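Dear colleague,

Please find below the structure that I am handing over to you. My notes on the ligand site and on one pair of helices follow it.

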Amino acid sequence: MKALVNRVSEFQKKARDAFEKVDSLDDLQVFYTQFLSKKSELNAFLKELKNLSDAEKKELGPHIQTVRLSLTEGFEQKQKELRKQALDEKLASDWIDVTKHYPFEKGAQHPVSQIQKRIEEIFTSMGFEIVDGPEVETEWHNFDALNIPSSHPARDMQDTFWIRSDQKNPHKNSVLRTHTSSVQIRKMMEDGVPVRMIVPGRVYRNEDVDTTHDATFYQVEGLLVDKGISLAHLKGTIHKMLSELFEKEVKIRFRPGYFPFVEPGLEVDIWFECTDRQGKKKSQWLEFMGAGMVHPNVLRNCGVDPSEYSGFAFGFGLTRLAMIHYGIEDIRLLFSQKKDFLSQF
Ligand code: DAH
């Protein structure tokens, strides 16, 4: 028994010394095998215990267990520390700067996207929601529901690309949408009124392409329907939006205009001052957008009672606005993918 007690003490001392020297996970593994595993001396002590008397077992057994427990605790603590250290080292050495040898110049936002973002900021600050709609639209949403039946001459002004035109039912025919106004219908039918939204998006027309026309361009539609809405609300909203965008008090004027989905319908012009290439100051009224009070037929088509609700709508070309804002004279440049041109914005 005495001999075993001494050997346990010696073992304990050896283990402590070895533990002090552990410096890595590999060292720790060696330590484990030597002092804690089944092959360790400690395990042999437990086996030897069996040959001792009960009194001796009672005395020495708990002692050996205490030694084992304290070594195990030390081992586990050390293992945690060393694992964390190894992970930290790996993270620090694995880090690479993925942009360091990037061979390309940085990109930037397209001028039309920049204007769109600004418009969205201005309208959301006025409590408008940003809404999306499909670019492949039914004939009904794009035309009929907006008070443009198939016999209406306004359809000629928005000649477009038909995806399907062989059905009698306008819900079954589809077109590439000619304007974002179709989302007025979708939104009111889906969520009802009151509504306060803008719809920035891409639209399509069968156009001969020239400096100011393209077959694909971007628009922003606006719609506000509630109780007691009048033209004054429309005027205030447009004036505020444009003054914010141009960062100065802009002058606008309303002229009568015809759009089948509004009554009365308006054209909104903006007083525009710029300097031409020869350095001469130029000022003129620019036709900027269509607008008006939502036609009662449109409200009815969406299940809204026009004797209870009224609203205004407007639509303008985002592409055209970008051209005005940045003084771009040819629409084709915008989608030409020319880096020289695009990198100016
Ligand atoms: N959708 C018309 C177009 O593309 C623009 C427009 C005019 C929208 C008047 C409106 C509006 O909401 O009230 O030419």
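An oxygen atom of the ligand is 2.8 Å from a side-chain N or O atom of Q219, where a polar contact is a pair of N or O atoms within 3.5 Å. The protein covers 91% of the 350 Å² of accessible area that the ligand has on its own (Shrake-Rupley method, 1.4 Å probe).

Please note that this is a predicted model, in which local features need pLDDT of at least 70 and side-chain atom pairs count only at pLDDT 80 or more, while totals for chains, interfaces and linings use all residues. Residues are numbered from 1 along each chain as its sequence is written, and side-chain values use heavy atoms, with hydrogens and water left out.

In total, 16 residues surround the ligand (a heavy atom within 4 Å), and H179, S181, R205, Q219 and E221 are the closest.

Elsewhere, helices α1 (residues 2-21) and α3 (residues 41-49) pack with their axes 11 Å apart, at an angle of about 160° (lines fitted to C-alpha atoms over the stretch in contact, with angles from 0 to 180 degrees between N-to-C directions; helices are DSSP runs of H or I, at least four residues). The two helices, α1 and α3, are therefore roughly antiparallel (over 145 degrees).

Yours sincerely

Definitions and conventions
Polar contact = N/O pair within 3.5 Å; in protein donor to acceptor, adjacent residues only side chain to side chain. Parallel < 35°, antiparallel > 145°, perpendicular 65-115°, else oblique.
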